[in-house]
Amino acid sequence: MYQALYRKYRSRTFDELAGQDIVTTVLKKQAAQNRVSHAYLFCGTRGTGKTSSAKILAKAVNCENPSDGNPCNECGNCRSIDNGTAIDVLEIDAASNNRVADVRELIDEVVYPPSVLKKRVYIIDEVHMLSDSAFNALLKTLEEPPEYVLFILATTELNALPPTIISRCMRFDFKRIDPEILSGIVLNVAEKENIKINTDASMLIARLADGSARDALSLLDACSAGRNDNTEITLFDIQQQLGITNNDIIINLFEAISKKNIALSLDYLNQVHKSSKDLNVFLVDLISFVRDLLIVKSIPSGSADYVKEHFFFSSFAFDKLNKLITAFTTETLLYFSSVLEESLNYISRFTVNKKTFFELTIIKLCDITLSESPKALLARISELEKKFGDGQATPIINKRIEKSSAEPDIIKKKETVQEEPLAVFPEVLEELKPHQDIYPFIKMSRMYVSGNDAVLYCDKLGINILSTKENKKLIEDALRKISKQELSLVFREKNTTSEEPHDLLDEIII
Ligand SMILES: [Zn+2]
């Protein structure tokens with residue numbers, strides 16, 4: 001039977017357990033000096049070694065030939081714990097045994113000494129899932145357990161635990177494992193399994209695993225499964241297999257954003273959408289990218305090595321990044337980051353119209369003036385400052401003077417053709433109602449007929465959304481069907497001083 005890599009290569013001694021040096025050093029020392037506490041609390045995110053450490057500790061206190069605090073993994077006691085047959089080591093998953101009756105059952109046994117091993121060990125996983133009454137029952141035993149009992153509680157959610165439980169345990173915090181260490185684990189296991197993989201690819205796996213050794217090895221499992229040839233796994237293979245966005249498209253997208261080219265930016269988004277990539281995942285990629293841009297911008301030049309090591313996009317050409325970061329100010333990047341985080345927050349809560357919201361997000365990135373958040377204003381100011389610094393812009397006051405001499409004519413010029421409200425607009429609206437991604441924008445618009453034109457007045461954002469080729473055709477088709485006339489659709493920005501468009505935008509994105 002195939003055994004998952006993370007099970008097969010689970011650490012069996014404190015020395016093998018990578019990435020938690022403080023925890024393993026202390027536990028090893030306590031085991032070696034026979035000064036083990038009666039209750040431990042292991043907390044930290046998933047896959048950081050809590051359960052492995054609990055098992056190692058259970059073996060270490062029961063081992064017949066321990067060496068420097070590490071279990072031997074050879075004696076009968078070690079082996080029975082490893083294969084799960086030791087009746088004195090009880091593993092309880094609190095997620096499924098959270099009732100007070102489950103805890104009572106456990107506590108009733110506490111009074112009996114272990115039948116075979118030196119210590120009876122209770123490993124309670126996901127301990128935060130216990131009910132209040134179960135916690136209370138456990139508390140009494142935790143206060144004064146018999147000498148031969150060892151409690152090891154593990155949790156991913158420390159703040160869900162009653163303080164009374166926390167204070168009665170010796171607590172160890174398991175941190176996320178560094179990407180370099182994870183990458184090393186991946187390379188090591190790959191070598192033992194005769195899987196060929198290069199360092200770029202293992203670094204990407206390490207980044208994706210986000211500090212979890214279990215996830216890193218599961219990813220290696222997933223990426224190596226189904227390969228019939230024994231060729232090297234590359235960065236590209238992993239991107240393909242796990243549906244990670246090609247770096248190029250993200251760079252291209254941000255280049256388009258830096259030029260404020262909305263159409264091109266939306267086109268890149270379309271490409272990603274068509275490739276059936278999950279938009280949530282893409283959004284997370286963009287957030288990582290902006291964060292990376294911020295890092296590159298904040299660290300002095302010459303730290304290319306640092307960046308290469310810590311980057312999510314390790315294969316990036318450094319000069320390409322450098323070019324991109326000069327296009328944005330730090331304030332703009334911070335603004336991007338907040339817009340993207342807000343969208344992620346929204347998109348992960350609501351499943352409908354994901355793409356539309358994503359489009360709005362991209363538009364917000366291209367056009368900072370659409371947002372009135374303080375971050376957006378700061379970004380606008382910093383961009384202006386940058387332009388002045390670069391000599392790209394003349395002071396605003398001059399522009400105003402130039403404009404004011406030319407503008408009145410344009411403003412005063414009246415439409416020569418009479419515009420009349422389109423009488424059948426409510427019916428057109430009704431016709432478009434099934435298209436929920438554009439309907440809200442149409443609903444906010446007004447439509448007039450002027451000669452052979454149907455003039456749709458909407459806000460800037462609405463124009464951006466409705467004027468795409470696809471959407472324009474949809475509206476024209478509905479118009480033709482209802483009005484029985486050949487009208488060509490033109491867009492005009494609604495002349496509004498109200499805050500309506502911004503409010504709507506914020507409502508949708510936040
Ligand atoms: Zn042993």
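Helix α14 (residues 279-298) comprises 20 residues, which at 1.5 Å a residue should span 28 Å, in agreement with the 28 Å between its end C-alpha atoms; the expected span is 1.5 Å times one less than the number of residues. Helices (H or I, at least four residues) and strands (E, at least two) are DSSP runs numbered from the N terminus. Of the 20 residues of α14, 14 are buried, and the helix is mostly covered (buried denotes under 20% relative accessible area, with a 1.4 Å probe and protein chains only).

The model is predicted: local features need pLDDT of at least 70 and side-chain atom pairs pLDDT 80 or more, whereas totals for chains, interfaces and linings use all residues. Residues are numbered from 1 along each chain as its sequence is written, and side-chain values use heavy atoms, with hydrogens and water left out.

The protein chain contains 25 helices and nine strands. Of its 510 residues, 45% are buried. Among contacts (heavy atoms within 4.5 Å) with a separation of 6 or more, 74% join residues 24 or more positions apart.

The axes of helix α8 (residues 179-192) and helix α10 (residues 213-224) come within 10 Å and cross at roughly 45°. Axes are lines fitted to C-alpha atoms, for helices over the stretch in contact, and angles run from 0 to 180 degrees between N-to-C directions.

Conventions
Buried means under 20% relative accessible area, exposed over 50%, partly exposed in between (1.4 Å probe, protein chains only).
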